[in-house]
Amino acid sequence: MSRRDGARIYVGNLPMDIQERELDDLFYKYGRITDIYVKHPDRPPAFGFVSFSDHRDAEDAVRYRDGYLFAGDYIRVELQGAKSGGDRQGGYRFGGGGGERYDGGRECGSGGNGGSHPGGRYPPR
């Protein structure tokens, strides 16, 4: 797969009432989205997949949205199909982006360059 080929990301730890439009709002700024799929399991949390037309856009989405505060929880964003030890770069576990408000009315992020959680890291599990 060349760097310009599309790629899909996994988005986890989502609220059970998440809609495709909200995932589009979270990820559209990273590149052209070709598909969004949301799964609402019997038990929380919900999860979804977002496909980008360019692999680099998917990598950017992972870099800046993994660990992002969305609707009161920190979401997980991972590149799908990455070869072990290969395509994936370090540092994805740091939050990113500024605070924004989306159509769904959910508060997202807390702003600043340090990530969405104090110290820019996931809270302890």
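**View 1. Surroundings of L23.** L23 touches V11, L14, I18, I36, V38, G48 and V50, leaving aside residues up to four places away in sequence. Contact means heavy atoms within 4.5 Å. The model is predicted: local features need pLDDT of at least 70, side-chain atom pairs count only at pLDDT 80 or more, and totals for chains, interfaces and linings use all residues. Residues are numbered from 1 along each chain as its sequence is written, and side-chain values use heavy atoms, with hydrogens and water left out.

**View 2. The largest nonpolar core.** This core holds 23 residues. Those touching the most other members are I9, V11, L23, F27, V50 and F52. At least two residues each come from β1 (7–14), α1, β2, β3 (46–52), α2 and β6 (76–79). β1 gives the largest share, 4 residues. A nonpolar core is a set of buried Ala, Val, Leu, Ile, Met, Phe, Trp, Tyr and Cys residues joined through side-chain atoms within 4.5 Å. Buried means under 20% relative accessible area, exposed over 50%, and partly exposed in between (1.4 Å probe, protein chains only). In soluble globular proteins, nonpolar side chains tend to be buried together.

**View 3. Helix α1 and its cover.** E22, L23, D25, L26 and F27 are the buried residues of α1. Their cover includes β1, β2, β3, α2, β4 (69–70) and β6. D24 also lies in this helix, which spans residues 20–27. D24 touches I33 and I36, not counting residues up to four places away in sequence. Helices (H or I, at least four residues) and strands (E, at least two) are DSSP runs, numbered from the N terminus.

**View 4. The Y30 and Y64 rings.** A search of the whole structure finds 4 aromatic pairs. In the pair of Y30 and Y64, the ring centres are 6.2 Å apart and the planes at 5°, so the pair is stacked. Y30 sits in the loop between α1 and β2 (33–39) and Y64 in helix α2, so the pair ties together parts 34 residues apart in sequence. Y30 is buried, with a relative accessible area of 10%. Y64 is partly exposed, at 37%. Rings of Phe, Tyr and Trp (its six-membered ring) pair if their centres lie within 6.5 Å; planes under 30 degrees apart count as stacked, over 60 as edge-to-face and the rest as tilted.

**View 5. An aromatic cluster and two arginines over rings.** Y10, F47 and F49 form one aromatic cluster. R8 lies over the face of F49, 4.5 Å from the ring centre. R65 lies over the face of Y68, at 4.0 Å from the ring centre. A charge sits over a ring if NZ of Lys or CZ of Arg is within 6 Å of the ring centre and within 35 degrees of the ring normal.

**View 6. Helix α2 and its ends.** Helix α2 covers residues 55–65. Its buried residues are H55, D57, A58, E59, A61, V62 and R65. At the start of α2, a side-chain oxygen of D54 comes within 2.8 Å of the backbone nitrogen of R56. Just after α2, G67 adopts a positive phi of about 85°.

**View 7. The whole chain.** The protein chain has 2 helices and 8 strands. Their order along the sequence is β-α-β-β-α-β-β-β-β-β. Of its 125 residues, 42% are buried.

Key: Polar contact = N/O pair within 3.5 Å; in protein donor to acceptor, adjacent residues only side chain to side chain.
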